[in-house]
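Hi everyone, thanks for making time. I'd like to walk you through a structure that may be new to you, stopping at a few spots along the way.

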Amino acid sequence: MDKKSLEVLEFPKVKEILAEFTSFSASRELALELQPLTSYETVVRLLRQSAEARLLLELEPGFTIGGVFDIRPLAAMAAREKILETLDLLQVQQVLIASRHLRGNLARVASDFPMLWEIAQGITELGQIERNISHCIGLTGEVLDTASPQLATVRRKLNDMKQQLMERLEAFMGSAKGQKVVQEAIITEREGRYVIPVKVEARREVKGIVHDVSNTGATVFVEPWATVELGNTLRELSREEQREIERILGSLSGEIGEHEGEIVQSITRIAELDLALAKARYARRFRASEPKVTEFDGNTSGGIIRLAEARHPLLADKAVPLSVEIGREFSALIITGPNTGGKTVALKTVGLLSLMVQSGLPIPALPESQMPVFDGIFADIGDEQSIEQTLSTFSWHMNNIARIINHASRKSLVLLDELGTSTDPAEGSALARSLLMYFLARGALIVATTHFSDLKAFAHTTRGMQNASLDFDPVTLAPTYHLVLGIPGGSNALATAARLGLPAEIIDNARSMLAKGTQEFETLLADLITEKHKMEDLSATLAQEKAEIEKRLSELENEFKRVKSEERRIVLETRDRVVSEAAELHKALHDAEADLRKEKSRERVAETRKVLAAIQKQLQGTTWKPAPGEEMAEEAAARIDVGNTVWVKEAGIHGTVLAVNEDKRQVEVQIGAAKIRLGLDGVEKTAPPEAKMSPHYTVIQRPSGRIVARELDLRGKRAEAIEMELDTYLNDAAVAGLGEVRIVHGYGTGAARKTVRERLAGHQLVKSFRPGERGEGGDGVTVVRL
């Protein structure tokens, strides 16, 4: 990628902003070292990592890499057999623990964040080193007695020897002689030796070694001969302790050095993860997202740039959104407009966002934005004339453009600011047109800014080019920074000069010097902008009114649906209530019929039947039925019709509906060769079972733990109970698959026999019946074939 263009487009500043969102030095270095890439696969992978990191922070806003530091220098020192300090070892331990936790956290969500897990897999867990450091080093950096048995032994001896030495010194100071010569009854330490403060005039009275003298000269610090040997032993034990500590630290450092490669790799992977999280934090702060990325086709002339509500990354919230598409209908965009109107900002926005995408960064634009992966992004922006190098502004621009010509291809993006300026206008305009034709013929995508009027006409008449302008307020002539496609913009140089403070007389004089055609052209452009604003205002008003109408229609439609639903609910509730009452009346009728059988009277039965018939007729009326086409989808789906497949709940098998009696809320179902009558609540509409080719037999699943006898004994039963028990038994027998059963009713008066056989004669489940033969119970039994 062209380094000069990276600087001109201010890409290093974007990297510095990104680096502020990193968590430690290694990831910060990665952020500052970012470079735009030309590999489509790599760019896509980096953007997917960024997208996953954004999603991760949305789900877990507090997710971080933990307390990780860059311990690669420490690992390198250890690999060179350097002994690390205890605090350095603790830092290594802290990083290893944080690395393990980070890897574990991402492992748990690996299926949801595969790109991040791919990075985290490179983190090596070094649990043994963690445990060894914890076993040997305390939280404040001291080497623990548990580090080795030898250290524990030496320290125990050291403490014992120190105790003996202290006791002797205290005994001396407590003696009569000691109290006389000691300046103060304290034991202190000088040069690693334990001493007592002795008055200088009593120095000769205490035999020993003088290790120090006080600042005033009134006190000497003496180690008595009686404790010199103990002091020597104490010194030797201290040296032995230090040697053992160095051995322990050397061993731990050696372990770290042996795993330098794994540690370096782990820190590198953690830095990559933190960089992805930094991109996500950047995206959250600047409302950025990952655009769609496309690859240049080998047969076409170029890719497509589509920016939706894009903002310049360095302007943050002050940026005016830019929406533009280049590469589909045209390859060269020529931007014109007033001075200080934002042309250069628009140019830089396109270039800088392209660089960010190819560096794997989210861009401040809507997600529907699209960017191709360029092999080069070239920019000629600014003015770097040099007196030392005898370069004028024009020469500097031509050097840049010559460099771009030598390296640009059909897969390149070329950005040209104020093309053809800083020289004779006629020659500059001709040169600008020639350069645009050259890059257009090469197939590159081009964005250029200019003030030349003939370039506006050239762009309008040349295939593959498109005019665009930075809008301005037609009243105040102040820039609005909005890009408008298809219309060239006026320079408004005089208006801008007046707005910046030039005297009116100078402006008026300059305006009078303008050619008539130029004035008319600028007026025409101003009128076009004014009309465009009117059309935009009208369009916005119509769109608002349309939205309000659609909203009102939606509200009315919802209200209509609510009212109709409420109407259906009230009808259904009332119907259900009447049906329930009718069912209770039917039961009362059944009971009354049983009572009246005893009395051989049918008057009350007939009367009750009339009442029931009236209720059923009422229910069948139009009052309780929904209007045609208004049945709810749920009711239509649940309604059971002839031919439907149903699930017989009690038996746990499928059956086919033969008949439906809505009045009695009963359904006749065929199960295999058997036909049974059930209540509608006992079945449930279902899809037909999948046909199975083999084996060729039918399995009937019976209710668990329920066995139906082949004989029903009704002897001694009251007439009103016989029908109910008989119906229940016949249903159970049919479901159980019994082909023939015996009904025992006895001889008696014959009333039970008559009731049974009358009921059997009209029962849907009964194929035939006969009196029992001799040996079967005779006429006291009825044999039924189902």
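This is a predicted model: local features need pLDDT of at least 70, side-chain atom pairs count only at pLDDT 80 or more; totals for chains, interfaces and linings use all residues.

Zooming out, β20 and β21 belong to an open sheet of 4 strands, and reading across, the order is β20-β21-β23-β22, with mixed pairing. Which strands sit at the edges? Those are β20, at 711-713, and β22, at 768-771, and each of them pairs on one side only. From one strand to the next, the twist averages 20°.

Okay, next stop: another set of strands. Find strand β15, residues 645-648. β15 pairs with strand β16, residues 653-661, in the antiparallel sense, over 4 bridges. If you want a landmark there, Val646 stands opposite Gly655 in β16. β15 also pairs with strand β19, residues 683-685, again antiparallel, this time over 3 bridges. The landmark for that pairing is Trp647, whose bridge partner in β19 is Glu684.

Val206 lies in the loop between β2, which is 193-199, and β3, which is 208-213. Is Val206 buried or exposed? Its relative accessibility is 3%, so Val206 counts as buried, given that the cut-off for buried is under 20%. What does Val206 touch, leaving out residues up to four places away in sequence? The answer is Phe172, Val181, Val198 and Val222. Take Val181 from that list: Val206 and Val181 are 25 residues apart in sequence, and C-alpha to C-alpha they are 7.8 Å apart in space.

Met535, Leu538 and Leu542 make a nonpolar surface patch of about 310 Å². Let me pick out Leu542, which is in helix α19, residues 516-599. With 48% relative accessibility, Leu542 counts as partly exposed, because the exposed label needs over 50%.

That's my tour. Happy to go back to any of those spots if you'd like another look.

Methods. Residues are numbered from 1 along each chain as its sequence is written. Side-chain values use heavy atoms; hydrogens and water are left out. Patches are made of residues with over 30% relative accessible area and no salt bridge: like charges are joined within 9 Å, nonpolar side chains (Val, Leu, Ile, Met, Phe, Trp, Tyr) within 5 Å. Accessible areas come from the Shrake-Rupley method with a 1.4 Å probe; for residues, only the protein chains shown count as cover. A salt bridge is a side-chain nitrogen of Lys or Arg within 4 Å of a carboxyl oxygen of Asp or Glu. Helices (H or I, at least four residues) and strands (E, at least two) are DSSP runs, numbered from the N terminus. Buried means under 20% relative accessible area, exposed over 50%, partly exposed in between (1.4 Å probe, protein chains only). Two strands pair if DSSP finds at least two bridges between them. Axes are lines fitted to C-alpha atoms, for helices over the stretch in contact, and angles run from 0 to 180 degrees between N-to-C directions. Contact means heavy atoms within 4.5 Å.
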